[in-house]
Amino acid sequence: MVRTEIDDSLRLKLKEVFGYNQFRGEQENIIRNILAGRNTFVIMPTGAGKSLCYQLPALVKDGTAIVISPLIALMKNQVDQLNAVGINAQFLNSTLSKSEANKVKKQLLAGEVKLLYVAPESLTKEENIDLLQSCHLSFAAIDEAHCISEWGHDFRPEYRRIRSIVEQLGDGLPIIALTATATPKVRADIQKNLSMEDADVFLSSFFRENLYYEVRPKVNPQKQLIKFIKQHKGQSGIIYCLSRKKVEEIAEFLRVNDVKALPYHAGMDASIRMNNQDGFLNEDVDVIVATIAFGMGIDKPDVRFVIHYDVPKSLEGYYQETGRAGRDGIESQCLMFFSPKDIQKLEKFNKDKPVTERDNARLLLQEMSYYSNSSVCRPRQLLHYFGENMGKNCGHCDNCRRKHEEFEGKDAVLLSLKAILQTGQRFGIEHIINVIMGIDDQYVNSYNHNSLEVYGKGSNEDKAYWETVIRQAMILNFIQKDTDNIKILKVTDEGLDYMDSPSAVMLTKDHDYSNEQVEEN
Ligand code: ADP
Ligand code: ZN
């Protein structure tokens, strides 16, 4: 077939089966890549249309595509939707009865199923491996692929077994891995764990122009919340809280204040939970107050605000949750209430975790905390965290709208770069700052870093100042995290160029929320 015929037949399928007139973003290239039998890695923000990237090629290719997804609740949704448009899609997971499972197996063996959704824990079952070995498979799609990495925010150990199982299922079965949240470190981890370093990577921009990010100090949050909601009367919104108890409390608080609000969390009776979710989707209520259990697979286009009443555990989670606002492209607000006390609370929760998990959770929290305090453009920080360089500010987040105190940072940036180089590019931000400030620290002394030229050169400024400088030098791409060990800082080529021919650079002071007052009416 010549290329245009393929294009035409893909477009035709897109229209006939899914009802869409054109592909979005990279969808067509991704689909073509899979049809060519190549390993494919897709990183696309939530709502951008990842599902179609494996659903459509599954229809075109001979055999059954297996879709590995950790979200059992969503499988049924997707399968129902596909069945509704006449596609034979099925799922295998722990919710099926024996006879239901047998029915699916029969259809599989008869080669009738185009897409089979499986949970990773079902995939690892011996009998299912045997079954799939007897089927003709087209490719394997791995959804929520970030679950494979310990460095991500949602590590699932059973994801680590996917590669070896896929290998058992068929020689050279192509893989498509998809995720909506992956830092460069997590991306590298995914490719390594799935042995798909050779994959073609499709990385979409994560910038959502219509989202207005804002962080406010959490001083009197209930009052702040009600004021915000009254200003957005009648609009759809999601309020995320950390605990189930808080969810109930805030939902009740809103109700007594005449806001149409309902709670949602995993501890509620399933029927009530579904009822509340439907109430939100059907617009019987305006506001849903929820834990992070709410939102996966929710595709309500006109969510006008997402509020984080408590500080979330990671920027990954935060970005994904705020991404549920404004899917229709219309201006929407993403507001977070920040309090250092929330960070401390979360740190306490982490105490009982195993060491690696605890260390990682701590790193994620540090990033969260730094994001909240920083006065750099919010989307620019978020995108930088996910490895994307915006190169400019969004122009409409709280930090862009408000003038922050600036300072000339050339000498400070140069000193930071020098300190990283002189210590051999093997240390993290805390160590670098200790050296710059000339702290009499055992660790610093044991490396003889107290004899370096840079030692103590920055003792006139405090720790927060140096953290600001180094973090902003990272956003300017002069410094980057090491890809093997993200705690280690390294100087980039751009950083080296800057050292050769330095120029003035304006940095902004961080927020000092302790001095900020909540605006009153
Ligand atoms: P993701 O998995 O990336 O979060 P989905 O696959 O759920 O996103 O898609 C988000 C929404 O976009 C869905 O409502 C889907 O039907 C719609 N969509 C996907 N591709 C297209 C397209 N080419 N044209 C129009 N709508 C699309
Ligand atoms: Zn901005």
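**Figure 1. Strand 1 and its pairing with strand 7.** In this predicted model, strand 1 and strand 7 (residues 200-203) run parallel and are joined by four bridges, where strands are DSSP runs of E with at least two residues, numbered from the N terminus, and two strands pair if DSSP finds at least two bridges between them. The bridge partner of F41 in strand 7 is V201. Strand 1 also pairs with strand 6 in the parallel sense, over four bridges, and there T40 has I176 as its bridge partner.

**Figure 2. Side chains of strand 1.** Within strand 1 (residues 40-43), T40 and V42 point one way while F41 and I43 point the other way, and all are buried, a term that requires 20 or more other C-beta atoms, placed from the backbone, within 10 Å of the residue's own.

**Figure 3. Surroundings of A180.** A180 lies in the loop between strand 6 (175-179) and helix 9 (184-193), a helix being a DSSP run of H or I with at least four residues. A180 counts as buried because it has 23 C-beta neighbours inside 10 Å. Leaving aside residues up to four places away in sequence, A180 touches M44, P45, T46 and Q320, contact meaning C-beta atoms, placed from the backbone, within 7 Å.

**Notes to the figures.** Residues are numbered from 1 along each chain as its sequence is written, and chains are lettered from A and ligands numbered from 1 in the order in which they are written.

Note on methods. Predicted model: local features only at pLDDT ≥ 70, side-chain atom pairs only at ≥ 80, totals over all residues. Buried ≥ 20, exposed ≤ 12 C-beta atoms within 10 Å, placed from the backbone. Contact = placed C-beta atoms within 7 Å.
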